Amino acid sequence: MTSPPPSAYTASTLAVDQQRRRRRTRLLLGGVAAVVVGCLALWAWSGTGGAHDDRPPAAAPQAPDAVSRTVETPPRSVEGRAVVRYREEIRQVGATADAPGAWATDKTFAKGFVNTIKGFTLTKENATDAKGDRPAWTLTFPGPLCATTRHVSAAGWTAVAYAGEHVDPDQSLGAPCDRLAVVDLDTGRKRWETRLGTADAPAGNVNVTMTDGAVVVAGDQGSAAYDTTHGRRLWTRSDRGTCTDTGFAGGSALLALARCGDSAAPRFHVERVDARTGRTSWTYRVGEGIESVYLASADPAVIAVAAGDAEVSHLIPLDEHGRARGTIRLADTHTPTGCDRPFSAVVESCRSVVVGARELYVPVDDDIVAFALATGESGRRFASSTGAMTPLKTSAGRLIAYREGSGFTPSAVVSLDPATGRERPLLLFGANPDDLAGTDDPTRDDVLYEHGRLFFGATSVYGPTDKGHRGELSNVAVGVESVAR
């Protein structure tokens, strides 16, 4: 079922940057010939050729309600082509539309926009006949989406919170975030939905995450967990003394961030929580003088803290008993991006920090630097040959990163071996960086690499700067895949 585009937008009182708006209207891919030349050049430069036999093992079977852990395999060709171009028109001059959430399965890419989620089928026919700008389905909610999680289950389900009633555009930030649903991304249907009670998630700041078998929600006055498959409530936590659950980080484990004590000088606790029972197995008490705390990873547990300032200054890996394994002090050039999202309760948001089994990775200048979880010491530095490089995920012991293009050198997704430093290109596209849509900034936008495809999703979409530019389309999301998967 397809609904007309939503008309509710969040008005912005700030001037919209002209150059950024124009970049969002450009197509994803430049000339194919230039990409092919760039592919061959970078392939030869990398020294990897095509003779690798170190393909990662196949992923072990997962339960449908377990959080998906994709094992990425190299494509047969590194040459990229467009697979999704999702654009919307915003008529109001100077307006900003919220676009929360971006998800991908092996069959579908889905993107949130105001009060809708649109799904795009990912098939070879879809890419070849240029229908990647036409959604296969549209799911419309009564009010705006107010909280999403980046996690997707093995069966292709994700969780969203939204306002259960229509609100005026200028009231969207204050809309009651009182509904929770699990959505099947491959079909565009709700598996279940429920009303969030006052003790679970009141209107205001709401945080949603998923872990194996459970969806967990935090609000100003409490938190609750629901069975992912059926929506049955598993537990609630509302009377915590002087502590309040601020948010959760999910994945293969569940971490809770609690704010305790005086609101003028709060103390933060990080807890390992059993997703089925709500019981706490350990608590780590963050030191005094901390401005903010974010949950960079639940398993292995890593927290990001801002000591005396709003910017993240330290990363602290925790062991299986909740004890600090070491402290990683970050220089100015190491500052992780995306941790603080204004007007959002998300605490699982340090998108530029990628945590592996033994190391974590952060961008430093244009490169990526590894830090040992056990000691906090810096290790291998992965140097970029062109533009800035951003870590995206780990898969089968390797780091997968996005590297911006430069001049006529294509942008790329590369696989990096932490043991040897060896690089292998996985996807090359957009020979001219100016051909990329304005959704390709990892410091503010969502960047996903799933099942061999790369997606850029805007978190905010901007309207025209003046009446003369009305009618122009703004990019909400773009995607690219290999021409030979």
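Rings of Phe, Tyr and Trp (its six-membered ring) are taken to pair if their centres lie within 6.5 Å; planes under 30 degrees apart count as stacked, over 60 as edge-to-face and the rest as tilted. By this criterion, nine aromatic pairs are present in the structure. The structure is a predicted model, in which local features need pLDDT of at least 70 and side-chain atom pairs count only at pLDDT 80 or more, while totals for chains, interfaces and linings use all residues. Residues are numbered from 1 along each chain as its sequence is written, and side-chain values use heavy atoms, with hydrogens and water left out.

One of the aromatic pairs is formed by Tyr86 and Phe113, in an edge-to-face arrangement with 6.5 Å centre to centre and 75 degrees between the planes. This pair links distant parts of the chain, 27 residues apart, with Tyr86 in strand E2 (residues 80-89) and Phe113 in strand E5 (residues 108-113). Strands (E, at least two residues) are DSSP runs, numbered from the N terminus. Both Tyr86 and Phe113 are buried, a class defined by under 20% relative accessible area, with exposed over 50% and partly exposed in between (1.4 Å probe, protein chains only). Ring pairs also link Tyr86, Phe113 and Phe120 into a cluster.

A further pair, that of Phe109 and Phe455, is stacked because the ring centres are 4.5 Å apart and the planes lie at 10 degrees. Phe109 belongs to strand E5 and Phe455 to strand E33 (residues 453-457), so that distant parts of the chain, 346 residues apart, are linked. Phe109 and Phe455 are both buried.

Several loops show particular backbone geometry. The peptide bond from Asp299 to Pro300 is cis, with omega near -5 degrees; Pro300 is found in the loop between strand E20 (290-298) and E21. Asp365, although not a glycine, has a positive phi of about 55 degrees and is placed in the loop between strand E25 (359-364) and strand E26 (367-372). A positive phi of about 55 degrees is likewise found at Ala396, also not a glycine, in the loop between strand E28 (389-395) and strand E29 (398-403). Ala396 is partly exposed, at a relative accessible area of 38%. Most residues other than glycine have a negative phi, and most peptide bonds are trans.

Asp309 lies in the loop between strand E21 (301-307) and strand E22 (314-317). Asp309 counts as partly exposed because its relative accessibility is 47%.

Methods:
Helix = DSSP H or I, 4+ residues; strand = E, 2+ residues; numbered from the N terminus.
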